[in-house]
Each structure stands twice: as structure tokens, then as C-alpha cells.
Amino acid sequence: MTGVRLFNTLTGRVEDLVPRDPGIVRIYTCGPTVYALTLLAHLLPYFLSAALVLHPRSRGAAVQWISNFTDVDDRIITRANAEGITPNSYAERYIRDYLENMDAVGVRAVERYARVTEHIAEIVDMVETIIRKGFAYEVDGDVYFSVQAKSDYGKLSGRSLDEMVAGARVRVDERKHHPMDFALWKAAKPGEPSWESPWGPGRPGWHIECSAMSLHYLGDNFDVHGGGDDLIFPHHENEIAQSEAYTGAEPFVRVWLHNAMVQIDREKMSKSLGNFVTLKEVRRRLPAGALRLFMLSTHYRKPLAYSPEALEEAQRAWSRLVAGKRNAVFALRGGGIGTADDLAAVADATAAAFCEALDDDLNTSGALGALFDLVRAINLALPRSDGGVGLRRAVEVLEACGNELGLWEGLSEEHAGTATTEALVQMLLDVRQRARGYRDWEVSDQIRAQLAELGIVVEDTPSGSRWRWADTGRTAGGIQ
RNA sequence: GGCGACGUAGCCAAGUGGUAAGGCAAGGGUCUGCAAAACCCUUAUGCGGCGGUUCGAAUCCGCCCGUCGCCUCCA
């Protein structure tokens, strides 16, 4: 038991997450086919999975998180050829873009991004076994999975073969036994990268790589497999069919976790529709923590509407959270006088509410609500706080909960100013303080304004002035 | 056409039987040299519509309307 309940696409119900191996949760998140820049929308399953990894960890459970790059694919080959470079170096470019983006937004818990081209042996072995067990057949160097051989084919997406054939809009390949049969292995065409196999040179079909790699790293019947809900069919449906045919151990995955699509102008944001915003572009517009808040403010099973305005709103909301935390930290440092407060109780209640919300099918918006409640309590308590137990506990809870959702990513506190810089700033603030003592507002305001131009925020409080670097995108730091 | 989601204030959004969290925006007030931050008050007798079940429904059931996704590459 992990305490976490998740909506399982396979059963259509919210269920307790009971790991195969007590004490460790094993998660696989479907990664991208690396043929283009990372989109804002690709972030959602990763933010979601990150919460699913960090939340149980906060309670001491071990979690193993694997993801992947699909680095052989028609589009990669076509585009690489068009540019006159190898598919490998083409894919490498977008893998780098992806990793750089993930690091910048603070997704760091992935243990390994498995690459298809590095797991061909596992894939070939898997295809051989599936054929041997009578679930697949070879035609002219191609290998197809026989959907009719797996009687429960369609159980994830909830459709029957008859329905799918009726609704199909693709022309049928005459060599296939059934129109819905899909390729496990594709014979190489001229000019394509290929690997040796019992069926001649070729490369893996689209779905087999995720099965082979997730089984390789996580074993049969692992716990959670996640991704966008546009992958339910055919990708995940096919993964189940071929994996269970291969292992004979059902279920392939215990819980299927699917997030709804990120939309832009009421349509799914996707590469193929061309209505996308790249992650790189968005990162310039707001700090990573604010981006997290934006993407986690809606429950994952509801579509998330992207717009520049929505991004700005999220950033304003985030600023409130951040300001609350800073206020508390500042008060803690200053240690003003006052009476003991009851903040500790509020903080404990917040921690409990936050935890319960995440346990309940990753209700991130509910969890965020709890944090806002704590911020209000902090602000109310500040004037009378003694900087003692309550405040300390409040900061602790805010730090811990925020970390689970990545809300503190890209905070300017991470900005590495040199000791000299900090001393210079302090010197200016001391001068400014004297000016304020003489009520020389002109000099005082000039110092503050010029520091602001350098990305340094100065705030005057009843207990003195404080300064910090402005929050911006992570790489931009405080100065640009 | 088939399968699956969803529809809560100006906007975003939680809440799945007991009488509407939270955020943003707006207006009013307080604090403040100014700025920032903050606090208080105001903003849904109502949760797409119509019926039904119930002492009681945003929450359960039926029908209808609307939006989106999948059925083709897609996180």
C-alpha cells in the first residue's frame, strides 16, 4: 500500500495503488519520438509522473521511474535524409533539446531514458518469442502481431475488433491476416537504418520498443504506465497485447495512467496540427515553478487550456505562494517579537490536506488550494509571530509540499551571486538606509530603481529592508 | 457512425448525497514617505437544460443540449 489512489484506464475506476513489490513503486512514462522540438504539452505527463514519484517518496517509499526516447521512426529517417545527416545525429539533436528542457523545468527524478536503438537485442528476442508462441507471423521480412490471437484485444480502449474495422479509415494491407494487425518488425527499405534479425535486416515497429524496454527495466506486471490519453489507442492497446503475449503474465501493467490533452484555442496542441508552443519559448516567459502551477492547477483528467493569459494568471498566483514563503522565511530570520501563534496546527492541517489530495488520484488543484490556505494563515500570523515553532513548521510544510510539485523550481534564491556582489548590494542598501533616515526619498528611490534594473528587488518592511534577485526563467538568472 | 471524457461565479478551478475550497480579475477599505508585500469587505439561494430517486443532490438515475479526445502519426 502506498496510500495513493489512481484512476486506472484499464478498469475505469479509481483504485488503490498496490505495488507488485511491497515498498517500491515502478513507473514507466511514455517519452517522445524525437523528431521535433519539445512542446509545452509534452510536459504534462512528466509533471504528473514526477508528483507520483516524489509523493510516495516523501513518505519513505522507494520509487523507480523509467522513461524513453523513440529514436528510430519514419519521420526521423525522412527528415534526417532531407538534411543529409544520419538519423542518429538528427535524433540526438532533439534528445538534447528534451533533456535540457526537462532539467530546466526541474524534472530530474527519471532514472533512465531508454533509447530504442540501444535495445534492439531485447526487441528482436521479444518478437521471436511472440512468433514462437503463435501471436505473430512473418511476411516478406515484416512481422505482424495477430490481434485475433489475443482474445482480449481492445480491453484498454474498450472497443471490439468489429467496431474498429467498421470505423477504420485506412486502406488494408492485403498481406495482413486481419486489418488491425500491427507491425512488430519492419523490413528495411533502401536508405533506412537497419539491424540484423531472423527475418532479415529491418527495424522495430512503433509499439514494441516501449514493451521491450519497460519489461527489461521494470519486469513483468510493473505498477504504473503513464502517458497522454491520445496513446490509449493504438499505442498502449498494442503494448498490452504484445507484452502479455510475450510474458504470459497478466496484467502487463497494473495501473494505466492517462492525462487529458493540453489545448490551445479549444483544440489539442500537437506537432501535426501545427498549433503548438515550444517549451523553450514558454520557459522564457515564466519561471519553472509558475509553469508547474499552471499545468497542475487543473486535474490531469481534464483538458488544460493553454493561452498566454492563462500563463500570466498562473504566474500571479504563483507569486502569492512564493511571497508567502519568503515572508515566513524572512520573519524566521528576523525573529521579531510577539506571542506564540497557532500556526503549527494550521501547518499540520495543511500538510495533511495536501497529502490527502494527492493521494486522491493526484488531485493537484486541491493540493494547491491547501497551500494557499497556509499562505493566508502565515500572512495573518506574521505581525504576532515570535518566529518560533509555528512559523518554523509552516516553512517546513511549504518547502516540502512545494517540492513535491516542483513549485520552487526556478526561484531566484537559486541564483548564484558572488560574495562580492552581495557585499556591494548590502553596501548600497546601507547607504540607502541612511538616506531614508534623513528622509531623502530621492536618493533612496534612485538606489532602489537602479538595483531593480539590475534584476535586484528591494522591499521595505516594518522590520527593515530586504533584497533578492528577481524571479525569471532559470537560465536567465537575475540579470539579462 | 462507434468508443470515452467533460460542462461549477467575469475568468481558472476543487468539491461525487448533507447544504458551494482556493486562485486570478474587479470594486471599496486598512497599512505604507513611495513602491512591494499584506489584511478586511463585496462578487454563484446556485453548480449546461428538463424530469426522476431521496428528509436532503453540483454530487445518484433518465433524456436532451454543448464542448473535447480517440477510432490515422501524436504526451
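**Figure 1. Overview of chain A.** Chain A has 15 helices and 16 strands, where helices (H or I, at least four residues) and strands (E, at least two) are DSSP runs numbered from the N terminus. This is a predicted model, in which local features need pLDDT of at least 70 and side-chain atom pairs count only at pLDDT 80 or more, while totals for chains, interfaces and linings use all residues. Residues are numbered from 1 along each chain as its sequence is written, and chains are lettered from A and ligands numbered from 1 in the order in which they are written. Along the principal axes, the C-alpha atoms of chain A fill a box of roughly 90 × 50 × 35 Å. Of its 480 residues, 43% count as buried; a residue is buried if 20 or more other C-beta atoms, placed from the backbone, lie within 10 Å of its own, exposed if 12 or fewer, and partly exposed in between.

**Figure 2. Strand β3 and its neighbours.** Strand β3 covers residues 24–29, and five of these six residues are buried, so the strand is largely enclosed by the rest of the structure. β3 runs parallel to strand β4 (residues 62–69), joined by six bridges; two strands pair if DSSP finds at least two bridges between them. V25 has V63 in β4 as its bridge partner. β3 also pairs in the parallel sense with strand β10 (residues 222–228), over three bridges, and here Y28 stands opposite H225. With helix α1 (residues 43–58), β3 and β4 form a right-handed β-α-β unit: with the strands pointing away from the viewer, the path from the first strand over the helix to the second runs clockwise.

**Figure 3. Packing of helices α6 and α7.** The axes of α6 (residues 208–218) and α7 (residues 232–247) lie 9 Å apart at an angle of about 50°. α6 is therefore oblique to α7, a class for angles that are not under 35 degrees (roughly parallel), over 145 (roughly antiparallel) or 65 to 115 (roughly perpendicular). Axes are lines fitted to C-alpha atoms over the stretch in contact, with angles from 0 to 180 degrees between N-to-C directions. I208, C210, S211 and L215 of α6 meet E239, Q242, S243 and T247 of α7; residues are in contact if their C-beta atoms, placed from the backbone, lie within 7 Å.

**Figure 4. Surroundings of S297.** S297 sits in the loop between α9 (288–296) and β14 (304–306). S297 is partly exposed, with 17 other C-beta atoms within 10 Å. Leaving out residues up to four places away in sequence, S297 touches A314, S365 and L368. S297 and A314 are 17 residues apart along the chain, and their C-alpha atoms are separated by 8.4 Å.

Notes
Two residues are in contact if their C-beta atoms, placed from the backbone, lie within 7 Å.
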